[in-house]
Amino acid sequence: MTLIEMIERMSARLDQAGVSFGHGTTNAFDEAAWLALWALQLPLDSLAAHASRELSRADQARINALVDERITTRRPAAYLTQEAWLQGVPFYVDERVIVPRSFIAELLADGTVDPWLSDRTRRVLDLCTGNGSLAVLAAMAYPDVTVDAGDLSTDALEVARINVERHGLTERVRLVQSDLFDALPGPYDLILCNPPYVNARSMAALPPEYQAEPALALAGGDDGMDLVRRLLRDAPARMSEDAVLVLEIGNEREHFEAAFAQLEVVWLATSAGDEQVLLVTRDALLAGGPR
């Protein structure tokens with residue numbers, strides 16, 4: 001059996017089992033390819049080069065065992081491989097953090113945020129940093145900045161440290177245990193935040209793959225805006241005069257606009273549309289933010 005034939009067979013198994021995707025892949029074929037290539041210790045972007053490779057029985061057994069584990073445990077594939085990729089950059093991940101998938105990563109990579117910055121942009125904050133992926137990507141995108149990466153969870157910060165060290169950024173990325181801004185006085189020129197924002201009804205309906213992630217990093221209260229209210233209230237005091245805040249709120253735009261009807265924001269286009277991530281200036285927060 002060739003690798004591509006094995007992947008097609010595993011893809012059918014994943015579909016038949018009804019597993020959920022969204023932790024690095026969006027469909028059964030891509031998930032099967034990820035698991036098969038990882039099991040064979042091949043680069044995840046090398047399928048075309050190895051598609052016709054004949055698999056030994058041992059190769060097939062390794063792939064079958066990994067797909068079996070994926071189906072029976074319903075854990076995201078990233079937890080099984082302990083690796084996730086964001087904008088082509090690899091990150092260590094385990095059950096102490098959610099699997100990194102923020103659309104803010106796209107905006108850092110494609111320069112969408114750049115027009116809002118200036119030659120005075122020097123201090124960046126990645127709040128609710130999780131495994132540290134956005135902090136690392138920000139440091140990569142802007143070589144002249146230093147980044148504070150804050151999180152309430154000490155477990156998450158242990159994972160973030162692995163990634164900061166992996167990418168050689170310990171001199172520029174500082175990890176801080178903090179309940180939002182409590183230990184982060186600023187001022188910052190750019191704040192990035194992918195906070196817990198899933199509303200209570202959606203939390204109750206999450207498939208097992210998402211329930212395997214830390215609820216602390218997902219649950220945002222009845223309307224998903226509990227932490228966002230605190231964030232927007234306290235942010236201006238931690239922002240420099242021309243600073244901006246880039247905030248991901250996922251599928252909660254309706255709840256966001258209901259909660260902050262007076263706040264002027266800019267919705268940024270991502271691969272998932274223009275309702276996932278917003279940008280707000282310090283002046284706008286002072287004029288129309290929560291009190």
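How many of the 10 residues of strand E7 are buried? The count is 8, so strand E7, residues 239–248, is largely enclosed by the rest of the structure. Keep in mind that this is a predicted model.

Let me stay with E7 and go through its neighbours. Strand E6, residues 188–193, runs parallel to E7, and 5 bridges join the two.

Next, the aromatic rings. A pair of aromatic rings is described by the distance of the centres and the angle of the planes. Searching the whole structure gives 2 aromatic pairs. Phe256 and Phe260 make a tilted pair, 4.8 Å centre to centre, with 50° between the planes. Phe256 also pairs with Trp267, this time edge-to-face, at 5.9 Å centre to centre and 85° between the planes. That pair links distant parts of the chain, 11 residues apart: Phe256 is in helix H12, residues 253–259, and Trp267 is in strand E8, residues 266–270. Phe256, Phe260 and Trp267 form one aromatic cluster.

Last, the surface. Trp38, Leu44 and Trp85 make a nonpolar surface patch of about 270 Å². Trp38 lies in helix H2, residues 28–39, and is partly exposed, with a relative accessible area of 34%.

Key. Residues numbered from 1 in each chain as written. Predicted model: local features only at pLDDT ≥ 70, side-chain atom pairs only at ≥ 80, totals over all residues. Heavy atoms only, no water. Patch = residues over 30% accessible without salt bridge, like charges linked within 9 Å, V, L, I, M, F, W, Y side chains within 5 Å. Areas by Shrake-Rupley, 256 points an atom, 1.4 Å probe, with all protein chains shown as cover. Salt bridge = Lys/Arg side-chain N within 4 Å of Asp/Glu carboxyl O. Helix = DSSP H or I, 4+ residues; strand = E, 2+ residues; numbered from the N terminus. Buried < 20%, exposed > 50% of the residue type's maximum accessible area, 1.4 Å probe, protein only. Pairing = 2+ DSSP bridges. Phe/Tyr/Trp six-rings, centres within 6.5 Å; stacked < 30°, edge-to-face > 60°.
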